[in-house]
Amino acid sequence: YVSVREIAEIANRISETTAKLSFGEGPRGWPGDVPIVKFNVEKIKSLGWHSTYSASQAIESSLMSMKLALRGEKNLE
């Protein structure tokens, strides 16, 4: 599980910014928002797959890849 706050903090760190974070009241950000998304990975696990990264690590790696791509650089991971 990764919270929206954690994702925003990772994005701030990767982008080297200090954007101010503010959140509304309640569990949803907008009408129709889904506050928690869970995927069932049992089928792919039964085929031998396993995750290499935690959710936080995957988000950080993805954001770093996007940052490098915007700069025209390659991610060496």
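The model is predicted: local features need pLDDT of at least 70, side-chain atom pairs count only at pLDDT 80 or more, and totals for chains, interfaces and linings use all residues. Residues are numbered from 1 along each chain as its sequence is written, and side-chain values use heavy atoms, without hydrogens and water.

**Salt bridges**

Select Arg13 and Glu60. They form a salt bridge (a side-chain nitrogen of Lys or Arg within 4 Å of a carboxyl oxygen of Asp or Glu). The closest N and O atoms are 2.8 Å apart. Arg13 lies in helix α1 and Glu60 in helix α3, so the pair ties together parts 47 residues apart in sequence. Helices are DSSP runs (H or I, at least four residues), numbered from the N terminus.

Next, select Lys67 and Glu16. Their side chains meet in a salt bridge (3.0 Å, N to O). Lys67 is in helix α3 and Glu16 in the loop between α1 and α2, so parts 51 residues apart in sequence are tied together.

**Pocket**

Now show Tyr1, Val2, Ser3, Pro35 and Ile36. Of the 25 lining residues, these lie nearest the centre of the largest pocket. α1 gives the most to the lining, with three residues.

Phe39 lies in the loop between α1 (4–15) and α2 (42–46). Phe39 counts as exposed because its relative accessibility is 72% (exposed is over 50% relative accessible area, buried under 20%, partly exposed in between; 1.4 Å probe, protein chains only).

Key. Helices (H or I, at least four residues) and strands (E, at least two) are DSSP runs, numbered from the N terminus. On a 1 Å grid over the protein atoms alone, a cavity is a set of points where a 1.4 Å probe fits but cannot get out, and a pocket is an open set with protein on both sides within 12 Å along at least five of seven lines; lining residues have an atom within 4 Å of a point.
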